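Please read it alongside the sequence and the model.

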Amino acid sequence: MSFPRAIPLIFSLLAVLSACRLAAQPTGAKSATASDAYAGSNACRTCHPNVALQFFRNPHNKTGVLANTPVDKAGCEGCHGPGKKHVDTKGGKDSIGAFSQMTPGQALDACLRCHSKDQNRANIRLSNHTQANVVCTSCHSIHQPESNRSLLSKRQADVCYGCHNDVRAQFSLPSKHRVNEGFMTCSDCHNPHGTNAATWKMGRRPHLVDTGLNNEQACMKCHVDKRGPFLYEHAAVRVDGCESCHSPHGSVNARLLKRPVILTVCLECHNGAGSFGRQADGVTTQSASHNMADPRYRNCTTCHVRIHGSNADRTFLR
Ligand code: HEC
Ligand code: HEC
Ligand code: HEC
Ligand code: HEC
Ligand code: HEC
Ligand code: HEC
Ligand code: HEC
Ligand code: HEC
Ligand code: HEC
Ligand code: HEC
């Protein structure tokens, strides 16, 4: 019951009763007459022709044409709630589930009435978006979508830039993923509907970053050669995640690296201050074999070429 203001208690009772009746006659239950509170989508055409006439292209039209759809989930009234009273009183915003009058929470509930089972949105109520009152209708437009696929109000990146404008500049840096050019998009890495806490990077918030197969980082969907598993893993990649060395959106540095010179990327961890490694010394590079005064040693990946993990060498030399 998503529209409490519009539905007198009696209709709620009626709906419950009719639901029981439907359950009792499972085959071919023509539900068009199941509740007197509903007018049916045809009744809406006369007064809302603009909305009604382009609705046949909408994926939600399905619910209106399937014969066995329960009346409270069919067509216009599937979202706007029972409309008989609205029709009888010749319209008005108070007699119908009007999204313009709903709080973000009510709009969310109206959509989740049907979409809550979708696994992709299993975590929607805990997502950063929902908690900041950014709900379905902030990104989706049912009647004026940019495209009938996914029903977004604008091209996806533009929907997101509407609120995350600072991110646009990151995708214009010299080294970048080509999102602004349209080759990929935010949802290749993010799930705007919320993510489950990942088992990698456990200590940090997941930033709505999506997970790929087997709960791995979204990056692996495309960079499959980095997936492993490798005989010799680089803990930085496997545990801390790709973002410990790369800026995922874009960077002024080559290869999306966080720092201009590779050695400074490495020395962020391999500086002797950490307590990781077999000798618990942070695996410093100040050994006799690594003479930092020798410029040859500064470009670490000329020798440690398999920096993302190796099947042949414990120090990633090949
Ligand atoms: C007799 C004409 C008439 C019929 C039939 C009718 N409406 Fe309306 N509807 C109106 C009027 C008038 C308004 C108020 C518009 C306003 O105040 O801007 C309205 C408002 C609405 C709104 C609120 C829009 C908003 O501001 O958010 C929705 C939703 C709506 N109608 C849906 C329906 C649906 C669904 C049906 C079919 C069950 C339907 N209407 C049938 C006349 C009608
Ligand atoms: C999937 C849910 C859904 C269905 C189905 C749906 N609507 Fe809507 N409707 C909305 C939402 C959400 C809004 C608020 C504006 C928006 O996001 O596009 C809205 C807005 C409206 C409005 C007011 C704004 C406008 O664009 O004029 C009217 C009138 C309306 N709907 C009528 C209808 C009619 C008639 C049908 C059936 C042909 C229908 N709706 C089917 C979700 C739905
Ligand atoms: C009455 C049940 C119902 C309600 C309420 C409902 N939807 Fe849907 N929605 C559906 C069905 C059924 C489909 C079609 C699914 C399919 O094609 O597999 C659909 C499809 C969609 C799609 C397109 C999916 C695609 O693959 O492109 C989007 C986006 C969507 N709904 C968003 C919303 C939003 C936002 C709301 C709330 C304003 C809403 N829905 C309310 C039943 C509903
Ligand atoms: C922050 C923006 C945002 C919010 C809030 C949002 N969505 Fe989406 N939604 C998207 C984007 C972007 C896509 C397209 C994903 C793609 O194309 O891969 C999408 C896709 C979908 C789809 C179709 C594809 C799929 O994942 O099954 C459905 C259905 C859907 N959304 C429903 C909803 C519902 C219901 C809500 C509210 C409970 C909601 N969305 C809230 C941005 C949003
Ligand atoms: C290549 C994968 C990828 C793409 C594409 C991507 N993101 Fe991200 N984004 C990430 C990762 C990974 C993080 C987490 C960074 C971290 O933890 O340091 C992140 C963080 C964020 C953050 C929070 C941190 C910040 O920088 O403010 C926002 C907001 C964000 N992304 C928005 C977007 C938007 C909007 C788009 C599309 C225009 C987008 N992202 C596309 C991977 C991506
Ligand atoms: C209506 C405004 C709005 C829209 C549209 C929107 N967001 Fe957000 N987004 C927010 C708010 C508010 C937050 C929560 C505050 C915060 O953490 O920055 C947030 C949080 C996020 C975060 C987590 C940031 C963090 O620091 O953990 C990511 C990632 C993100 N949004 C990506 C997206 C993507 C991708 C889209 C497009 C599909 C999108 N947003 C659309 C307003 C919006
Ligand atoms: C949807 C596929 C896709 C996803 C997901 C993805 N990438 Fe990429 N990535 C690409 C493509 C394609 C390129 C090639 C650059 C271009 O577009 O010109 C690229 C380039 C890169 C580069 C630079 C390579 C070079 O030679 O300059 C790095 C580093 C990178 N990605 C890291 C990541 C990280 C880290 C993530 C996860 C946060 C990620 N990618 C997620 C497709 C993807
Ligand atoms: C320990 C730091 C570090 C981590 C963590 C890391 N990378 Fe890299 N990555 C590098 C360095 C350094 C280079 C540049 C190598 C060069 O130019 O010699 C690079 C280059 C790349 C390239 C372009 C060259 C190539 O090998 O294809 C891609 C793509 C890439 N990384 C993706 C990823 C992905 C995806 C992850 C997470 C699974 C990741 N990286 C994690 C340090 C790292
Ligand atoms: C985010 C922190 C971090 C960054 C950045 C980092 N590493 Fe590591 N590295 C580690 C950790 C943790 C280990 C695992 C030590 C262990 O075996 O317990 C490791 C292991 C190694 C090893 C194998 C050491 C051994 O004895 O098995 C090499 C070689 C190495 N890193 C080189 C590099 C290079 C080159 C870079 C820069 C491209 C780099 N690392 C960047 C954290 C990091
Ligand atoms: C000229 C080739 C070369 C360059 C350049 C180089 N290394 Fe090495 N590195 C080696 C070799 C060979 C080993 C294995 C033998 C050893 O332990 O000295 C090694 C071992 C390591 C180890 C493991 C040490 C241990 O105690 O287990 C780490 C960590 C490491 N290098 C990090 C780096 C970092 C960080 C850089 C850049 C500042 C770098 N290396 C540059 C050749 C190189």
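## The shell around ligand 5

Around ligand 5 there are 16 residues, of which C160, C186, C189, E243 and P248 come nearest; a residue is near a molecule if its C-beta atom, placed from the backbone, lies within 6 Å of it. This is a predicted model, in which local features need pLDDT of at least 70 and side-chain atom pairs count only at pLDDT 80 or more, while totals for chains, interfaces and linings use all residues. Residues are numbered from 1 along each chain as its sequence is written, and chains are lettered from A and ligands numbered from 1 in the order in which they are written.

By class, the shell of ligand 5 consists of nine nonpolar, five polar and two charged residues, where Ala, Val, Leu, Ile, Met, Phe, Trp, Tyr, Cys and Pro count as nonpolar, Asp, Glu, Lys and Arg as charged, and the others, Gly among them, as polar. Because domain 2 (104-164) and domain 3 (228-302) both give residues to this shell, ligand 5 lies between them; the domain bounds come from an automatic or database domain assignment.

## The shell around ligand 4

Ligand 4 has 21 residues around it, and C111, H115, C136, C139 and P192 come nearest. The elements that give two or more residues to this shell are α6 (104-115) and α8 (136-139), with helices (H or I, at least four residues) and strands (E, at least two) taken as DSSP runs numbered from the N terminus. The largest share, four residues, comes from α6. The shell of ligand 4 divides into 10 nonpolar, nine polar and two charged residues.

## The largest nonpolar core

The largest nonpolar core has 21 residues, and those with the most contacts inside it are A107, L108, V135, C136, A157, C160 and C186. Such a core is a set of buried Ala, Val, Leu, Ile, Met, Phe, Trp, Tyr and Cys residues joined through C-beta atoms within 7 Å; a residue is buried if 20 or more other C-beta atoms lie within 10 Å of its own, exposed if 12 or fewer, and partly exposed in between, with C-beta atoms placed from the backbone. Two or more residues of this core come from each of α6, α8, α9 (156-161), α11 and α12. Since domain 2 (104-164) and domain 3 (228-302) both give residues to the core, it lies between them.

Leaving aside residues up to four places away in sequence, A157 touches V179, N180, T185 and C186, contact meaning that two C-beta atoms, placed from the backbone, lie within 7 Å.

## Backbone features in the loops

A cis peptide bond, with omega about 0°, joins G228 and P229, and P229 is found in the loop between β1 (175-176) and α11 (235-240). In the loop between β2 (250-251) and α12 (262-267) lies R255, a residue other than glycine whose phi is positive, near 55°. L256 is also placed in the loop between β2 and α12, and its phi is positive at about 55° although it is not a glycine. R255 counts as exposed because it has 11 C-beta neighbours inside 10 Å, whereas L256, with 20 such neighbours inside 10 Å, counts as buried.

## Confidence in the model

The mean pLDDT of the chain is 81, and 78% of its residues reach 70 or more; pLDDT is the predictor's confidence in each residue, from 0 to 100. Over residues 1-34 pLDDT stays under 50, and for this stretch the model has 39 contacts beyond four places in sequence.
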